[in-house]
Structure formats: C-alpha cells, structure tokens
Amino acid sequence: MKNKKAWLIGSLLLVAIALTVVLMTGGGPEIDVVKVTRGTFTLTVEETGYVQPADDFQVQAVQPARVAELLVDVGDKVKAGAVLMRLSSPELVTEIASVRSQLASAEAELETARLSAESLQSELKQAENDRARKKTLLESGALAPADYEQSELLVEKMRKSVAQQEASVNGLNRQVSSIREILNSLETKMGELRVLSPIDGTVLDLPVKAGQVVGSGTVLAQVGADNLEIKTELLSDEIRQIKIGQPTSITAPVLGGQVLKGKVSKIYPQAHEKTSALGVIQRRVPVIISLENTSNLKPGYEVKVTIETLRKEKVILLPRESVRLTNEGKYRIMVVNKNRIEERIIKVGEKNQQWVEVLQGIKPGEIVVQDGSLELKPGSRVQIK
C-alpha cells in the first residue's frame with residue numbers, strides 16, 4: 001500500500017516537472033516576427049506619364065499653295081534641311097515671270113540711259129574744251145565777244161542735259177533695284193515651296209495629302225527630335241515635394257523588366273484643371289522627366305513614373321503593419337523577448353506604404369511581432385514560426 005502511494009506521488013511529481021518544462025520552454029500561439037534592421041528609407045510619388053520628343057517642331061505653310069509631292073512617310077528619320085514635301089503655286093510662277101520681264105525691260109532702259117549719259121558727258125567735255133579755246137582767242141582779240149557767249153550758252157545747255165540724263169539714270173537704277181527686291185522676295189517664296197525639316201529627328205505626323213490646297217499657317221508636318229523625355233502631370237498637393245534634379249524610375253509593359261533612370265528636369269509654373277477618369281476636377285501641374293537612355297520607348301508610349309522625393313540611409317526600419325497607433329496617439333509595437341510579449345512605445349519618423357522609420361524605442365537585432373494588430377497580452381508566451 002505504501003509502495004503504491006509512493007509510486008502515485010512520484011508520478012504526480014514527474015507530471016508537474018514536465019508541465020513546468022513545457023511552460024518554460026514553449027507554449028502559446030505561433031506568430032510571424034521580423035528582425036529589426038537598418039536600411040534605406042525612401043518616399044516616392046507615382047503617376048502615369050507619356051513619352052514625347054524633347055524638341056518638337058511643327059512645320060507650317062507660309063503661303064497659299066498646293067501639295068505637289070510628299071517625299072517622306074510618318075516614322076521616317078530625317079536630317080536637318082531634308083526636303084519633306086514639295087508645294088506648287090502656279091500664281092507665284094506667273095508673277096515671277098512677269099517681274100522678270102519687267103526687270104529685263106527696266107535694265108535695258110537703264111543701259112540706254114547710261115549710254116546716253118556717257119554721250120552727253122563726252123559732248124559736254126568737248127563743249128568745255130571749245131569754250132576754253134575761244135576764251136583764249138577772246139583775250140587775244142582774235143574772237144568777237146558774241147562768239148564766246150555762244151560757247152558759254154552751249155556749255156550751260158550741255159550741263160543741264162547731262163544733269164537731266166544722270167537724274168534719269170538714277171531713277172532707273174532705283175526702279176531696277178526695287179524690281180530686283182521684288183524678284184528676290186518672290187524667289188524666296190518659291191524656295192519656301194520646298195518644305196524642309198528644321199532638325200535631325202523623326203517625322204511624327206503628316207496631316208496633309210498630295211494634291212491638297214493649303215493656306216498660310218496650315219501645319220504641313222511635325223518633326224520630333226530623337227532625344228525623348230517623359231511628361232507627367234502631378235496633383236497640385238503633391239508638387240510641393242517635387243524638386244529639379246530628383247531621381248526617377250520609369251517602367252512600362254513595353255520595357256519588360258527593365259527600369260529606366262531619369263531626373264526631374266522641368267516643373268511648369270502653373271497648374272491647370274483636368275477631369276479625372278471618375279469625373280473629378282483636379283488641379284494638376286505638368287512635370288518633365290529627362291532620361292539617361294530611352295531603350296525601345298517611342299513618342300506617345302504610356303509609362304509609369306516614380307519620383308523619389310526623399311532618401312534616408314542606414315535608418316531603423318519596421319514594416320508598417322508591425323506598428324499600431326494607440327487611442328492616446330502613441331505608436332506601439334510588440335517585442336518578443338525570451339518567447340514572451342513585451343509592449344513598447346516607440347517614436348517614429350517618416351512613413352511610406354511599406355515601412356516606418358523608428359527614431360527611438362527599438363534597436364537593430366530585436367525581434368518584433370510582424371502583425372501588430374494581433375491580440376497579444378504583455379507577458380504572454382508565444383512561439384516563433
């Protein structure tokens with residue numbers, strides 16, 4: 001009987017010891033945890049953007065004309081000065097022919113007037129020589145004064161004739177110069193019928209067809225430079241975070257897994273109203289992103305733009321889901337210390353969608369419950385998965 005009682009007491013002691021060991025070495029719910037580390041914290045702004053040429057030129061007609069011939073197609077690479085199309089203007093051809101005829105007639109008349117002036121100047125010189133000779137005779141008494149006066153009158157008459165002829169030559173010179181200016185202007189207009197590319201680039205659009213009559217100011221072609229950029233439009237509330245030179249990442253289905261790098265190169269000075277897909281009127285500010293390389297992007301492609309507005313290196317980071325805001329407005333985490341829960345209040349800095357920067361209250365290497373919303377009491381035992 002005593003042996004049986006002793007055996008029972010011994011068994012109970014063993015069970016108690018086993019329970020104690022279990023309680024000390026394990027037990028409680030299994031939880032996911034994270035190890036506190038230092039890392040890089042970033043804040044970003046994301047928006048859709050569109051690829052466009054960094055320089056985009058519209059070539060316009062400078063006079064009424066007809067499109068005679070298109071020499072390029074949309075998508076063609078062209079050099080500055082390349083002929084994109086030829087225009088025609090029968091009216092201009094007729095006007096140039098008429099002005100050339102006027103010029104030829106005026107030049108012929110001018111040449112006749114010059115020859116006449118030269119002849120008169122020769123006659124004047126001869127008359128002056130004759131007067132000089134008669135003056136000598138007059139002074140020696142060998143010539144009557146009346147004869148000398150006749151030579152004086154002839155010289156005066158010849159001078160007037162020369163002056164009139166020279167005036168006629170000057171007038172004809174002005175007339176010829178004026179006609180030449182008109183002709184040069186018309187020939188310049190004729191040269192403008194050859195539509196040239198203003199830059200090296202790609203033909204983006206040809207909104208006219210062969211045979212079409214165009215007026216002055218009509219857009220004939222659009223040529224984009226080969227260097228591309230991204231244009232995006234950010235909400236006016238976000239623009240305060242954006243600065244020139246901030247790094248950007250560009251992704252798109254057409255790029256596959258490739259991520260292109262760029263920088264904010266221009267922020268427009270004012271916002272404009274734009275209606276969202278949901279019908280909401282928003283105030284948006286255009287922003288230009290310059291690219292380090294363009295890969296296989298083309299003008300008009302849609303891309304995703306990620307602008308890095310803040311970067312902090314080697315800061316203590318926790319997943320956002322590990323941090324909870326208490327009713328008192330404090331940030332709380334649950335630390336796992338020797339398999340027991342310890343509630344701790346921390347001071348946080350910057351936050352993004354994934355991470356929280358911790359300024360005080362935790363050190364690298366400590367273990368924190370990943371899901372801060374779990375109902376775990378301080379001091380309760382847990383098991384780490």
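Strand S7 is joined to strand S8 (residues 194-196) by 3 bridges, and the two strands run antiparallel; strands and helices are DSSP runs numbered from the N terminus, with at least two residues (E) for a strand and at least four (H or I) for a helix. In S8, Val 195 is the bridge partner of Met 85, and Arg 194 of S8 stands opposite Arg 86. The structure is a predicted model, in which local features need pLDDT of at least 70 and side-chain atom pairs count only at pLDDT 80 or more, whereas totals for chains, interfaces and linings use all residues. Residues are numbered from 1 along each chain as its sequence is written, and side-chain values use heavy atoms, with hydrogens and water left out.

Confidence is expressed as pLDDT, the predictor's confidence in each residue on a scale from 0 to 100. The mean pLDDT of the protein chain is 90, and 93% of its residues reach 70 or more. Over residues 1-25, however, the pLDDT is below 50, and this stretch has 4 contacts in the model beyond near neighbours in sequence, a contact being heavy atoms within 4.5 Å.

The pairing of S7 with S8 belongs to an open sheet of 4 strands, ordered S8-S7-S5-S10 and paired in antiparallel fashion; two strands pair if DSSP finds at least two bridges between them. The edges of this sheet are S8 and strand S10 (213-214), each of which pairs on one side only. Within the sheet, strand S5 (residues 65-70) and strand S7 (residues 83-88) run antiparallel and are joined by 4 bridges, with Arg 66 standing opposite Ser 88 of S7.

Another open sheet is formed by 4 strands in the order S4-S11-S9-S6, again with antiparallel pairing. Its edge strands are strand S4 (56-60) and strand S6 (77-78), each pairing on one side only. S6 is joined to strand S9 (residues 201-205) by 2 bridges in an antiparallel arrangement: Val 78 stands opposite Gly 201 in S9, and Lys 77 has Thr 202 of S9 as its bridge partner. S9 is in turn joined to strand S11 (residues 219-225) by 4 bridges, these strands also running antiparallel, and Gly 201 stands opposite Ala 225 in S11. In a regular strand the side chains alternate between the two faces of the sheet.

Gln 222 lies in strand S11 and counts as buried because its relative accessible area is 19%; with a 1.4 Å probe and protein chains only, buried means under 20% relative accessible area, exposed means over 50%, and partly exposed lies in between. The side chain of Gln 222 makes a polar contact of 2.6 Å with the side chain of Asp 56. Such a contact is a pair of N or O atoms within 3.5 Å, where within protein one must be able to donate a hydrogen and the other to accept it, and residues adjacent in sequence count only if both atoms are side-chain atoms. When residues up to four places away in sequence are not counted, Gln 222 touches Asp 56, Phe 57, Gln 58, Thr 202, Val 203, Leu 204 and Asp 205.

Arg 332, placed in strand S19 (residues 331-337), is likewise buried, with a relative accessible area of 17%. The side chain of Arg 332 reaches the backbone oxygen of Gly 372 at 2.6 Å. Gly 372 is also among the residues that Arg 332 touches outside its sequence neighbourhood of up to four places, which include Ser 322, Val 323, Arg 324, Thr 326, Glu 343, Arg 344 and Ile 345.

Helix H2 (residues 90-140) contains Ser 140, which is exposed because its relative accessible area is 55%. Ser 140 and Gln 126 are 14 residues apart in sequence, and their C-alpha atoms are 22 Å apart in space. Glu 118 is also in helix H2 and counts as partly exposed, at 49% relative accessibility. The C-alpha atoms of Glu 118 and Val 305, which are 187 residues apart along the chain, are separated by 80 Å.

With regard to aromatic rings, a search of the whole structure finds 0 aromatic pairs, where rings of Phe, Tyr and Trp (its six-membered ring) pair if their centres lie within 6.5 Å, and planes under 30 degrees apart count as stacked, over 60 as edge-to-face and the rest as tilted.
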